[in-house]
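The paragraphs below go through the surroundings of two ligands in turn. Please keep the sequence and the model in view while reading.

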Amino acid sequence: MYLILLGAPGAGKGTQAHILTSRIQIAHVSSGDLFRENIKKGTPIGIEAKGYIDRGELVPDETVIEMIMNHLNTPACRNGALLDGFPRTIFQADSLNNALHERFNKGIGRIIYVKVDTDALLQRLSGRWICPVCQTPYHELNNPPKIKGICDHDAAALYQRDDDKRSTAERRLQVYFNQTMPLIEYYKKQGLLLEINGQQSVENVTNDIIEALNVLSMDKEKKDIILGETEESLVA
Ligand code: ADP
Ligand code: ADP
């Protein structure tokens with residue numbers, strides 16, 4: 001089963017992805033994390049992506065599609081994945097759909113759209129701290145680690161992303177409104193969109209997502225569906 005987390009920068013996609021993948025056995029594929037890993041390693045993809053990311057622009061469709069599809073071809077994603085940050089344009093969404101059908105004979109299961117107001121998004125981005133090892137996001141006020149500046153999971157020192165500074169964050173939100181928001185209607189028309197109120201506690205957002213997916217209350221057979229072991233739809 002392929003699931004997509006859709007939402008603005010700062011909506012809580014990464015936070016929810018980390019929680020969900022610790023509870024549901026599914027691979028987490030974050031396009032932003034993959035780009036940051038490529039930048040760190042100095043790969044051709046990283047070198048190309050860096051300028052776009054620093055300016056708060058989208059990396060060209062062809063580059064991101066190739067990176068994600070290569071990743072989806074790895075054994076970890078054979079039975080499905082939770083996509084976080086991809087797709088971000090209609091072209092990417094069409095390409096993903098075609099590729100899933102052609103390569104895996106599968107479609108997208110559900111789109112989890114996490115909705116948050118712009119003011120809250122900017123507050124969240126400005127206080128975001130990330131673990132460089134496991135990529136878990138924290139927030140200095142809303143969702144702090146147990147020890148200030150240190151990851152709860154691996155004790156690494158947290159860092160702030162350069163593109164979370166105010167001017168770049170504002171640009172990223174504009175880009176989201178122009179290029180990514182059309183995906184909401186696109187998936188709504190396909191009957192795949194689950195709209196979640198992202199402006200509540202992290203725990204309540206998780207609970208709403210799980211309830212909407214109806215995962216944990218499923219019996220084993222249905223749970224296998226979401227784990228990607230059959231082709232059936234999520235909904236009974
Ligand atoms: P995204 O991956 O969508 O950009 P993140 O998951 O990184 O968003 O979250 C952005 C920031 O908001 C982080 O600092 C995170 O700790 C914080 N955050 C996430 N979910 C919530 C929430 N429900 N309420 C308040 N802050 C949140
Ligand atoms: P956020 O968690 O704040 O939404 P991401 O970590 O997902 O941000 O993305 C960081 C940057 O990486 C984006 O601003 C963009 O430059 C690039 N990026 C990530 N995913 C995509 C994508 N699907 N298409 C184009 N660019 C992307």
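By class, seven nonpolar, four polar and eight charged residues make up the shell around ligand 2. Here Ala, Val, Leu, Ile, Met, Phe, Trp, Tyr, Cys and Pro count as nonpolar, Asp, Glu, Lys and Arg as charged, and the others, Gly among them, as polar. This is a predicted model, in which local features need pLDDT of at least 70, side-chain atom pairs count only at pLDDT 80 or more, and totals for chains, interfaces and linings use all residues; side-chain values use heavy atoms, with hydrogens and water left out. Residues are numbered from 1 along each chain as its sequence is written, while chains are lettered from A and ligands numbered from 1 in the order in which they are written.

Around ligand 2 there are 19 residues, of which Ser31, Arg36, Glu57, Gln92 and Arg172 come nearest; a residue is near a molecule if one of its heavy atoms lies within 4 Å of it. Helix H2 (residues 31-41) gives the most to this shell, with four residues; helices (H or I, at least four residues) and strands (E, at least two) are DSSP runs, numbered from the N terminus.

Next come the polar contacts, pairs of N or O atoms within 3.5 Å. A polar side-chain atom of serine 31 is 2.8 Å from a nitrogen atom of ligand 2. Oxygen atoms of ligand 2 are approached by polar side-chain atoms of arginine 88, at 3.0 Å, and of arginine 172, at 2.4 Å. Taken alone ligand 2 exposes 550 Å², and the protein buries 96% of that; the areas come from the Shrake-Rupley method with a 1.4 Å probe. Ligand 2 lies between domain 1 (2-126 + 166-226) and domain 2 (127-164), because both give residues to its shell. The domain bounds come from an automatic or database domain assignment.

The shell around ligand 1 also has 19 residues, and the closest are Gly10, Lys13, Thr15, Arg128 and Tyr138. The side chain of lysine 13 places an N or O atom 2.8 Å from an oxygen atom of ligand 1. Backbone N or O atoms take part as well: that of histidine 139 lies 3.2 Å from an oxygen atom of ligand 1, and that of glutamine 200 lies 2.8 Å from a nitrogen atom of ligand 1. Of the 560 Å² that ligand 1 exposes when taken alone, the protein buries 92%. Helix H1 (13-23) and strand E6 (137-139) are the elements that give two or more residues to the shell around ligand 1.

Methods. A polar contact is a pair of N or O atoms within 3.5 Å; within protein, one must be able to donate a hydrogen and the other to accept it, and residues adjacent in sequence count only if both atoms are side-chain atoms.
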